[in-house]
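Please look at the sequence and the structure below, and then follow the paragraphs as they move from one place in the chain to another.

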Amino acid sequence: MKCFLGLLVGCLLLTGCDSSNDQRTDRDNTAVNARDANDATVTPIDQSNESKDIDEVAAIRKAVLDIDDLSTNGKNVKIITGEGRVVLRGPVDSQSEKEAIEQVAKRIAGNATVVNELEVETD
């Protein structure tokens, strides 16, 4: 039985390793990195350590993950809170994802200002 399970796991691993059909292209982040080096750009390092801000990020993240049919990009957006505002950053797959994530953030943030810097990726 152990031998069978080992063989099954090995086959599953090998099946997932075929990269011959991988159509992914690497994204050139040079311009984004240069922009983010500017002190005026909010990055995750700017996340407040206040418990209310951390709780707000957790609540927004949970609600974002509950959005139906959200892409992996959409699920992994950056959510940065502090000083009465929420900043959303990162790539999403469509304008509808961008809007859905912003709506969730606004609903949970209440009176906080929501700054939507999400970028719709185009191929």
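Leaving aside its neighbours within four places in sequence, which residues is Ala112 in contact with? In this predicted model, Ala112 touches Glu56, Gly84, Arg85 and Val86, once the residues within four places of Ala112 in sequence have been set aside. Ala112 itself is found in the loop that runs between helix H5 (95–109) and strand S3 (113–120). Its relative accessibility is 18%, and because buried means under 20%, Ala112 counts as buried. Another pair to look for is Ala112 and Gly82, which lie 30 residues apart along the chain, while their C-alpha atoms are separated by 9.3 Å.

Helix H5 consists of 15 residues, and the distance from its first C-alpha to its last is 21 Å, which is close to the 21 Å expected at 1.5 Å a residue. The residues of H5 that are buried are Glu97, Ile101, Val104, Ala105 and Ala109. Because these residues cover an arc of only 120 degrees around the axis, they are on the same side of H5. Gln103 and Arg107, by contrast, are exposed on the other side of H5. The partners against which the buried residues of H5 pack are H3, helix H4 (72–75), S2 and S3. After H5 comes Gly110, a residue whose phi is positive, near 65 degrees.

The packing leads on to the nonpolar core. The largest nonpolar core is made up of 18 residues, and the ones with the most contacts inside it are Val64, Ile79, Val86, Leu88 and Ile101. At least two residues of this core come from each of helix H3 (51–65), strand S2 (85–92), H5 and S3.

Finally, we can turn to helix H3, where Ala59 has its place. Is Ala59 buried or partly exposed? Its relative accessibility is 33%, and so Ala59 counts as partly exposed, given that this class lies between the limits of 20% and 50%. Although Ala59 and Ile108 are 49 residues apart along the chain, their C-alpha atoms are separated by 7.2 Å.

Methods: Residues numbered from 1 in each chain as written. Predicted model: local features only at pLDDT ≥ 70, side-chain atom pairs only at ≥ 80, totals over all residues. Heavy atoms only, no water. Helix = DSSP H or I, 4+ residues; strand = E, 2+ residues; numbered from the N terminus. Buried < 20%, exposed > 50% of the residue type's maximum accessible area, 1.4 Å probe, protein only. Contact = heavy atoms within 4.5 Å. Core = buried A, V, L, I, M, F, W, Y, C linked by side-chain atoms within 4.5 Å. Expected span 1.5 Å × (residues − 1). Arc of directions from axis to C-beta.
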